[in-house]
Amino acid sequence: MTLTAPTPPTQSRSSRRLDGDLGDPGALADRAVTVLGLGSFGGGVAVTRYLVSRGARVTVTDQKSEADLGPSVEALRGLPVRLVLGRH
């Protein structure tokens, strides 16, 4: 009897684990990325800008409303980002 390892399931490019150098400008190109928590202190804005600059397709979620996150939402205005606010 010969034993063989199971074949891993096929994954789409966007769902595969990222193995590579994040310093490579193309490493995140066309990857779907979700940022959980935009926040009010700039961290979510900074990471979102970085991801967009690397070509990622970014969705940002936060349980707070757009009114509660006003300055952070305004800082992302004009970027190709999908916002899901008031829920996760």
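Leaving aside neighbours within four places in sequence, Thr48 is in contact (heavy atoms within 4.5 Å) with Val35, Val58, Val60, Leu76 and Val81. Before I continue, please note that this is a predicted model, in which local features need pLDDT of at least 70, side-chain atom pairs count only at pLDDT 80 or more, and totals for chains, interfaces and linings use all residues. Residues are numbered from 1 along each chain as its sequence is written, and side-chain values use heavy atoms, with hydrogens and water left out.

Thr48 itself belongs to helix H1, residues 43-53; helices (H or I, at least four residues) and strands (E, at least two) are DSSP runs, numbered from the N terminus. Thr48 counts as buried because its relative accessibility is 0%, where buried means under 20% relative accessible area, exposed over 50%, and partly exposed in between, with a 1.4 Å probe and protein chains only.

I turn now to the sheet. Its 3 strands form an open arrangement in the order E1-E2-E3, with parallel pairing; two strands pair if DSSP finds at least two bridges between them. E1 and strand E3 (81-85) are the edge strands, each pairing on one side only. Between E1 and strand E2 (residues 57-62), which run parallel, there are 5 bridges. Within this pairing, Ala32 has Arg57 in E2 as its bridge partner.

Finally, I come to Asp30, in the segment before strand E1 (32-36). The phi of Asp30 is near 65°, a positive value in a residue other than glycine. With a relative accessible area of 47%, Asp30 is partly exposed.
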